[in-house]
Amino acid sequence: VSLCFSPASREYLVVATGEDLIFWDTNKLQKDGPPSLLKRFKKPISSISCAPFGAQHVAIACEDKYLTLYDFRAEGVAGTLTMASGTFGQVQWSRASEHILATSNESEIRIWDTRMLHPVAKFNSGHSAKICSIAWSATGVQEIAVGLQDMTILFFNVTGEQCRPSIRGGPLVRYSPCGKAVVTSGLPKGDEAIRLWAMPPAFPAALDAPPPTSRPVLNRTYYDFFSEPSWSRVRLVAFEESRIVLIDMDVLPEHTDSQFAKRFSDPAWPPDDKTNTPPPN
């Protein structure tokens with residue numbers, strides 16, 4: 001399963017499952033009725049990502065050599081990026097540009113400009129483990145976090161240089177809303193919580209710094225973030241068996257990542273009924 005929120009409407013959750021790209025009205029998640037099918041692909045979808053700044057495109061990576069750009073406004077395919085060899089794995093749009101996105105292929109990361117038909121940069125993770133997730137820094141800095149199948153999280157700049165020490169956090173990684181930490185999930189059974197990590201310092205300062213620490217913030221096994229550009233609202237999406245749980249919380253511009261972690265760690269949150277009730281202050 002992969003998901004993002006529709007750029008056409010922040011009330012619609014776009015979900016990729018199997019070969020189907022579907023959208024779901026988040027106001028009706030608790031009600032009966034199937035979601036709406038946007039498009040069915042010939043190959044299973046491995047990852048999707050929506051463009052930032054209200055752009056109307058979602059990138060769909062299937063288990064083949066094609067990356068499809070779907071236009072919500074036109075309700076059809078806007079373009080296709082093609083790899084000369086191999087298949088697309090993960091895809092994530094840059095938080096800083098509606099034209100720049102990153103993709104993965106086993107152990108390789110490629111940076112694409114959607115106005116061109118070829119990658120503008122590519123580099124290898126330097127590890128034999130398969131890439132399971134990629135994430136762009138939430139602050140607009142051109143930095144990418146890479147989650148590997150062996151639980152390692154790596155940090156690269158767009159030229160392929162490792163810019164921070166690695167951490168062992170699980171194959172799934174996202175930057176926190178304020179950009180000062182990373183959130184990970186997917187550790188082996190027994191430690192399945194979503195964890196918030198203090199951002200490792202950049203090199204060379206990291207050489208003298210203590211190892212990064214983490215704390216569990218939510219007992220879920222899979223997750224994703226949606227954040228409005230103003231950071232006035234953050235939505236956490238958690239997967240619990242066959243259920244999608246949406247958790248809304250207010251995040252003011254002055255909030256820090258430590259406050260973000262404290263709110264999610266509150267024993268009274270999330271509520272038992274799993275509704276979108278606002279979290280406690």
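Ala16 is part of strand β2, which covers residues 12–17. The model described here is predicted. Is Ala16 buried or exposed? With a relative accessible area of 2%, Ala16 is buried, because residues under 20% are counted as buried.

Leaving aside residues up to four places away in sequence, Ala16 touches Val1, Ser2, Leu21, Ile45 and Ile48. Lys39 is 23 residues away from Ala16 in sequence, and the C-alpha atoms of the two are 9.8 Å apart in space.

## The protein overall

The protein has 281 residues, and 51% of them are buried. Its secondary structure consists of 1 helix and 23 strands.

Among contacts with a separation of 6 or more, 41% are between residues 24 or more positions apart. The accessible surface is about 13,300 Å², and carbon and sulfur atoms account for 50% of that area.

Strands of a sheet pair through backbone hydrogen bonds, in either a parallel or an antiparallel way. In this protein, 4 strands make an open sheet with antiparallel pairing, in the order β13-β14-β15-β16. Which strands stand at the edges? They are β13 (131–136) and β16 (162–168); each has a single partner strand, so one side of each lacks a neighbour in the sheet. On average, neighbouring strands of this sheet are turned by 20° against each other, with direction ignored.

Strand β15, residues 152–157, pairs with β16 in the antiparallel sense over 4 bridges. Opposite Phe156 stands Gln162 in β16.

Notes
Residues numbered from 1 in each chain as written. Predicted model: local features only at pLDDT ≥ 70, side-chain atom pairs only at ≥ 80, totals over all residues. Heavy atoms only, no water. Helix = DSSP H or I, 4+ residues; strand = E, 2+ residues; numbered from the N terminus. Buried < 20%, exposed > 50% of the residue type's maximum accessible area, 1.4 Å probe, protein only. Contact = heavy atoms within 4.5 Å. Areas by Shrake-Rupley, 256 points an atom, 1.4 Å probe, with all protein chains shown as cover. Pairing = 2+ DSSP bridges. Axes fitted to C-alpha atoms, helices over the stretch in contact; angles between N-to-C directions.
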